[in-house]
Amino acid sequence: MAALLARRIAGSKTTPFGARCASSWWGHVDPAPKDPILGVSEAFLADPSPNKVNVGVGAYRDDDGKPVVLDCVREAEARIAGNLNMEYLPMGGSNHMVEETLKLAYGENSELIKDNRIAAVQALSGTGACRLFADFQKRYQPESEIYIPVPTWANHHNIWRDAHVSQKTYRYYHPESRGLDFSAMMDDIKNAPKGSFFLLHACAHNPTGVDPTEEQWKEISQLLKDKEHYPFFDMAYQGFASGDPERDARAIRIFLQDGHLLGISQSFAKNMGLYGQRVGCLSVLCEDEKQAVAVKTRLQQIARPMYSNPPVHGALLVSIILSDPDLKSLWLKEVKVMADRIIGMRTTLRENIEKLGSSLSWEHITKQIGMFCYSGLTPEQVDRLRSEFHIYMTRNGRISMAGVTTKNVEYLANAIVEVTKSS
């Protein structure tokens, strides 16, 4: 017995357990491909050129190209400092923040809110809200499919894929006109199997900046209703698109007037500049209060093993800003300033390109709305902008208008004209 034990001890010294397993456990793992958006910023930071320009980042910048913290956020932070605890939030997050957030989407005096028909939880910004909904969809409508527009924010595909929801696409963008392919979109909605889920961008479509008109939204809503499809809105830019949160929620209000049951993802990353705070909301409109209670408990149940409960600091900031009349008024002014600067840079960029005598049409720059301009540049032209002019954007030609400033707009316009001369 003693001899056997000695042999086992000796064996463990020569072939430790970790050594036996290290090469087999993770040796098969290959590096993940670089994120197409985050990779742009990495390449920009590594470029030593003093003339480099980053119009790929999806975050607001001032006219000096610097990140911005809103004055309303600074004031809210001052009120929080030393005055509030940092205890765990419930699984569903801050009820106060959720209540104020729902007013933005559904209306200040919404009867739906008063009737407690909305199941809503705080989420990890818009991404987390979409992921929570995708998991909820898979769990309670396991055979359903999600129809996603072409193109869309690249992470939408990742979110529903990792939730194991089957994906289809519907046509949205018309490359030749650089506008909405409305007839094709309507055909795809009509031909989708009854009861399909449709992902819709509420405003400032990412990446194209192309939105339906109000009349087109009404037709889209009616067709979805006729086909008994389920609309899910991703609203990442409310207030940031036009400068008016009410105007930017118009599509959702049309659907509510038409009697849809729907879901909404909301985010405060862009419109309050709370990118790193990861504060958002997922809401699901239900048939009655009893159903809303059941749905909310299930959303919380999904969140529990995923992240347990959401962070408190950003929720406190949003709650204070939206519930204080003076701070909310200040926020509305500041979000309009951000939106107006981006709208103004669209006009300036187009004017600079046209002054240089480009033979192409650039009216789509000012027709589109929101943070992004879908420029129509080819991947090869984008590569030339990077290699020859040190200008960085995603290879689909998406320009972040937040990165365009009075200091770089002429340089950007000249470079665009140069790489598109042969088009």
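Residues are numbered from 1 along each chain as its sequence is written, and side-chain values use heavy atoms, without hydrogens and water. Because the model is predicted, local features need pLDDT of at least 70 and side-chain atom pairs count only at pLDDT 80 or more, while totals for chains, interfaces and linings use all residues.

**Exercise 1.** Describe how helix α15 packs on helix α18.

Solution. Step 1: locate the helices, which are DSSP runs (H or I, at least four residues; strands are E, at least two) numbered from the N terminus. Helix α15 covers residues 325–355 and helix α18 residues 409–419.
Step 1: take the axes, lines fitted to C-alpha atoms over the stretch in contact, with angles from 0 to 180 degrees between N-to-C directions. The axes of α15 and α18 lie 9 Å apart at an angle of about 50°.
Step 2: classify the angle (under 35 degrees roughly parallel, over 145 roughly antiparallel, 65 to 115 roughly perpendicular, the rest oblique). α15 is therefore oblique to α18.
Step 3: list the contact (heavy atoms within 4.5 Å). M345, T348, L349, N352 and I353 of α15 meet V409, E410, L412, A413, I416 and V417 of α18.

**Exercise 2.** Describe the packing of helix α7 and helix α13 in the same terms.

Solution. Step 1: the axes of α7 (residues 125–140) and α13 (residues 289–307) come within 10 Å and cross at roughly 115°. The two helices are therefore roughly perpendicular to each other.
Step 1: on the α7 side the contact holds R131, L132, D135, F136, R139 and Y140. On the α13 side are V295, R298, L299, Q301, I302, A303, M306 and Y307.

**Exercise 3.** Which peptide bond is cis with omega near 0°, and where is its proline?

Solution. Step 1: the cis bond runs from V150 to P151.
Step 1: P151 sits in the loop between β3 (145–150) and α8 (154–162).
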